[in-house]
Amino acid sequence: ILFSITGLELAYNEAPECMKAVIQAFWLFTTAFGDLVIIIIGEAELFPSDSVAFFSLAGLLVVVVLLFIFVSVRYQYVADRPVECDPDDEAARLLTQPPSRGSETPSTV
């Protein structure tokens, strides 16, 4: 839980304004994919005992930690590099501008 919340916050803070929702969706997708891998490993009974499964998953975690260390050493924060959205992009404009009060259309019932 601590890793997921921290990563989601980093993804939100570092994403360009017009991409925040997409970046959060990708983060949540990867979290769901990881949960699915754990379920498949747990239900498939690939390991002869629970202790072997535990140590195998712990070894996989060490590999992932080393990968994250490798990536984090080379990461540049958004404050260190310019990131802008294309102002001509209609989707970016709709995502970054709040709707005006007068442009609301009445709903039909």
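A residue counts as partly exposed when its relative accessible area falls between the 20% under which residues are buried and the 50% over which they are exposed. Ser72, with a relative accessible area of 48%, is therefore partly exposed. The structure discussed here is a predicted model.

**Overall architecture**

The secondary structure of the protein chain comprises four helices and zero strands, so that reading along the sequence gives the pattern α-α-α-α. Of its 109 residues, 7% count as buried, and the chain exposes about 9,400 Å², of which carbon and sulfur atoms supply 68%. Among contacts between residues at least 6 apart in sequence, 49% join residues at least 24 apart.

Just after H2, Glu45 adopts a positive phi of about 50°, in a residue other than glycine. Most residues other than glycine have a negative phi. Glu45 belongs to the loop between H2 and H3, and with a relative accessible area of 67% Glu45 is exposed.

**Helix H3 and the nonpolar patch**

On the surface, Phe3, Ile38, Leu57, Leu60, Val64 and Phe68 form a nonpolar patch, with about 520 Å² of accessible area together. Helix H3, which covers residues 50-73, gives the most to this patch, contributing four residues. One of the patch members, Leu57, is found in H3 and is partly exposed, with a relative accessible area of 30%. Ser72 also lies in helix H3, and a polar atom of the Ser72 side chain lies 3.1 Å from the backbone oxygen of Ile69. An α-helix has 3.6 residues a turn, so residues three or four places apart point the same way.

The table sets out the accessibility of the individual residues discussed above.

| Residue | Relative accessible area | Class |
|---|---|---|
| Leu57 | 30% | partly exposed |
| Ser72 | 48% | partly exposed |
| Glu45 | 67% | exposed |

Key:
Residues are numbered from 1 along each chain as its sequence is written. This is a predicted model: local features need pLDDT of at least 70, side-chain atom pairs count only at pLDDT 80 or more; totals for chains, interfaces and linings use all residues. Side-chain values use heavy atoms; hydrogens and water are left out. Helices (H or I, at least four residues) and strands (E, at least two) are DSSP runs, numbered from the N terminus. Patches are made of residues with over 30% relative accessible area and no salt bridge: like charges are joined within 9 Å, nonpolar side chains (Val, Leu, Ile, Met, Phe, Trp, Tyr) within 5 Å. Accessible areas come from the Shrake-Rupley method with a 1.4 Å probe; for residues, only the protein chains shown count as cover. A salt bridge is a side-chain nitrogen of Lys or Arg within 4 Å of a carboxyl oxygen of Asp or Glu. Buried means under 20% relative accessible area, exposed over 50%, partly exposed in between (1.4 Å probe, protein chains only). A polar contact is a pair of N or O atoms within 3.5 Å; within protein, one must be able to donate a hydrogen and the other to accept it, and residues adjacent in sequence count only if both atoms are side-chain atoms. Contact means heavy atoms within 4.5 Å.
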